[in-house]
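Subject: Structure for your review

Dear colleague,

I would be grateful if you would read the text with the structure open.

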Amino acid sequence: MSSVNESSQTVFEKSIPGHRGVSLPVPGVPHQDPAAHLPAHLIRKQPAELPELNELETMRHFVNLSHKNHAIDTGFYPLGSCTMKYNPKVNERIAALPGFADLHPYQPQEQSQGALELLYKLGSSLSEIVGLPGWSLQPAAGAHGELAGMMMIKAYHEQRNDHARTKVLVPDSAHGTNPSSASMCGYEVVTLRSGSNGQVDMEHLKELIEAHGSEFAALMMTNPNTLGIFEENILDISKMIHATGALLYYDGANLNAIMGMARPGDMGFDVLHLNLHKTFSTPHGGGGPGAGPIFVRDKLEPFLPGPVIIKTENAYGLDSDRPLSIGRVRSFYGNFGVLVRAYSYICAMGPDGLTQASQDAVLNANYLRHHLKQLFELPHDQAPCMHEFVLSAAQTKKEHGVNALSIGKRLLDFGIHAPTVYFPLIVPEAMMIEPTETETRATLDRFVGVMQQIHEEIQTKPEFVNEAPHQTQIRRVDEARANRKPSVNWFGKGEHV
């Protein structure tokens with residue numbers, strides 16, 4: 001009997017020459033010789049080395065792989081700032097309807113009226129939720145939408161011949177995509193400090209404006225911020241930024257905390273992106289496909305990426321006649337299947353349901369915060385949090401040698417995903433926790449109980465926590481070595497970690 005654990009083998013290692021498990025449909029077009037259309041140097045000299053398995057073994061391989069993953073469908077996922085909320089299965093059924101799933105983007109507009117109507121109604125609904133009139137659904141992810149938004153800000157200033165605006169303000173608690181997007185647009189990033197209350201340091205903002213006000217193109221903000229704290233001075237901040245001629249950008253990653261209760265447009269924001277996976281229940285993870293729609297104030301509408309979906313008297317259509325547009329940022333009109341899922345969620349929830357979702361997210365976060373701050377340090381404890389909060393394991397590390405990473409690893413033994421650790425950077429040994437609105441009190445109580453047990457273990461047997469996880473299929477790995485010398489080949493010739 002073989003001693004090889006088949007569940008740990010790659011699909012290539014399981015391959016058996018001659019095995020087949022595929023029945024392909026008859027092609028809709030006649031077979032053509034690739035040599036008639038491709039240069040000789042692009043044509044393979046020999047077949048690709050693909051794994052050979054029958055259908056049953058292929059199915060077992062990928063189902064077993066899925067069982068090794070942690071997912072929101074299998075356990076609690078308190079990943080702060082990423083809003084790992086449940087994805088309702090009705091959304092999947094609706095996105096799979098033939099009229100949506102089988103539609104081809106090259107079909108004429110008169111054959112795509114249903115899809116265009118859905119996109120128009122989704123954009124209009126989201127526009128009402130955020131309080132900004134102009135929109136585009138093209139961007140394929142939140143960071144993609146953020147980059148498109150910053151490109152529009154740049155185009156706006158350049159169209160006004162205001163070329164002196166070379167700097168963008170970014171708070172020190174911001175998501176890492178904020179300075180990245182600004183930098184990719186050619187701006188110099190200026191860091192704005194947070195105060196002791198976790199909000200923007202207003203005195204530092206005044207100093208920066210006095211020194212460089214005419215050079216700022218924009219201030220990028222998340223509200224509530226990544227500490228889970230609502231920026232109480234947002235209206236004053238908006239007035240101060242606009243008085244310099246700069247614009248205010250809203251990172252919509254945390255809209256799940258305020259949806260239905262406050263609108264970024266009413267706060268003074270000029271441009272924003274939304275992460276539909278964070279607030280509107282579409283799938284999250286794996287690098288996509290995602291959706292990061294952007295929304296703008298009237299004066300920025302001419303710069304939206306085209307084509308823009310419009311409604312005429314008799315039909316829905318696409319407007320490509322936009323001379324000031326930043327241009328297309330993605331093929332076709334966005335990740336359509338993801339957008340269908342978001343619209344399904346909005347229709348199912350309705351205005352009251354969306355508001356209730358945010359209220360429950362805030363309630364759940366404050367419930368956990370109340371219990372967990374008795375176990376671990378809570379650096380910003382001046383007021384209730386919004387949808388998430390940030391604990392610190394700095395004291396635990398100092399007294400017992402157990403850091404945030406080890407606490408997160410230990411959680412895996414209980415079937416609970418680790419929270420976000422070491423972000424935001426302004427909190428040492430940060431543990432960023434977001435329960436979302438979709439978890440029950442029973443789940444939250446179990447999480448509190450697990451954290452209490454880990455806290456006790458830290459006091460009595462810290463080395464046990466530092467060696468976690470103990471129950472997962474893969475134990476503690478040397479992460480530095482895994483990053484510097486990854487073993488990614490399937491022949492096992494590389495150096496394994």
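The largest nonpolar core of this predicted model holds 57 residues, and those touching the most other members are Leu 126, Leu 169, Leu 205, Ile 241, Leu 255, Leu 274 and Phe 280. Helix H11 gives this core its largest share, namely 11 residues.

Leaving out residues up to four places away in sequence, Ile 241 touches Leu 169, Leu 205, Ile 209, Leu 219, Ala 246, Leu 247 and Leu 248. Two of these partners, Leu 169 and Leu 205, are themselves listed with Ile 241 among the residues that touch the most other core members.

Ser 238 is placed in helix H8, which covers residues 234-243. Its relative accessible area is 7%, under the 20% limit, and Ser 238 therefore counts as buried. Beyond its neighbours within four places in sequence, Ser 238 is in contact with Leu 248, Met 267 and Gly 268. Between Ser 238 and Leu 219 there are 19 residues of separation in sequence, and their C-alpha atoms are 9.1 Å apart in space.

His 204 belongs to helix H7 (residues 202-212). Is His 204 buried or exposed? Its relative accessibility is 9%, so His 204 is classed as buried. The side chain of His 204 reaches the backbone nitrogen of Arg 193 at 3.0 Å. With residues up to four places away in sequence not counted, His 204 touches Thr 191 and Leu 192 as well as Arg 193.

A side chain also meets the backbone at the start of helix H1, where a side-chain oxygen of Asn 54 comes to within 3.1 Å of the backbone nitrogen of Leu 56. Helix H1 itself runs over residues 55-68, which makes 14 residues. From first to last C-alpha, H1 reaches 20 Å, close to the 20 Å expected at 1.5 Å a residue.

I turn next to the strands. An open sheet of 3 strands is arranged in the order E10-E12-E11, and its pairing is antiparallel. Strand E10 (389-392) and strand E11 (420-421) form the edges, each pairing on one side only. Helix H11 (residues 336-372) packs on this sheet and touches E10 and E12, with its direction at about 15° to that of E10.

Thr 420 stands opposite Met 432 of E12. The loop between E11 and E12 contains Pro 424, and the peptide bond joining Phe 423 to Pro 424 is cis, with omega at about 0°.

Elsewhere, strand E8 (residues 308-311) and strand E9 (residues 316-319) pair in the antiparallel sense over 4 bridges. A hairpin of 4 residues connects E8 to E9, and Ile 310 lies opposite Gly 317 in E9. Another cis peptide bond is found between Gly 306 and Pro 307, where omega is about 0°. Pro 307 sits in the loop between strand E7 (294-296) and E8.

Asn 161, in the loop between helix H5 (142-159) and strand E2 (167-171), has phi near 60°, which is positive although the residue is not glycine. Ser 281, in the loop between helix H10 (276-279) and E7, likewise has a positive phi in a residue other than glycine, near 70°. How do their surroundings compare? Asn 161 has 60% relative accessibility and so counts as exposed. Ser 281, at 1% relative accessibility, counts as buried.

With kind regards

Key:
Residues are numbered from 1 along each chain as its sequence is written. This is a predicted model: local features need pLDDT of at least 70, side-chain atom pairs count only at pLDDT 80 or more; totals for chains, interfaces and linings use all residues. Side-chain values use heavy atoms; hydrogens and water are left out. Two strands pair if DSSP finds at least two bridges between them. Helices (H or I, at least four residues) and strands (E, at least two) are DSSP runs, numbered from the N terminus. Contact means heavy atoms within 4.5 Å. Axes are lines fitted to C-alpha atoms, for helices over the stretch in contact, and angles run from 0 to 180 degrees between N-to-C directions. The expected span of a helix is 1.5 Å times one less than its number of residues. A polar contact is a pair of N or O atoms within 3.5 Å; within protein, one must be able to donate a hydrogen and the other to accept it, and residues adjacent in sequence count only if both atoms are side-chain atoms. Buried means under 20% relative accessible area, exposed over 50%, partly exposed in between (1.4 Å probe, protein chains only). A nonpolar core is a set of buried Ala, Val, Leu, Ile, Met, Phe, Trp, Tyr and Cys residues joined through side-chain atoms within 4.5 Å.
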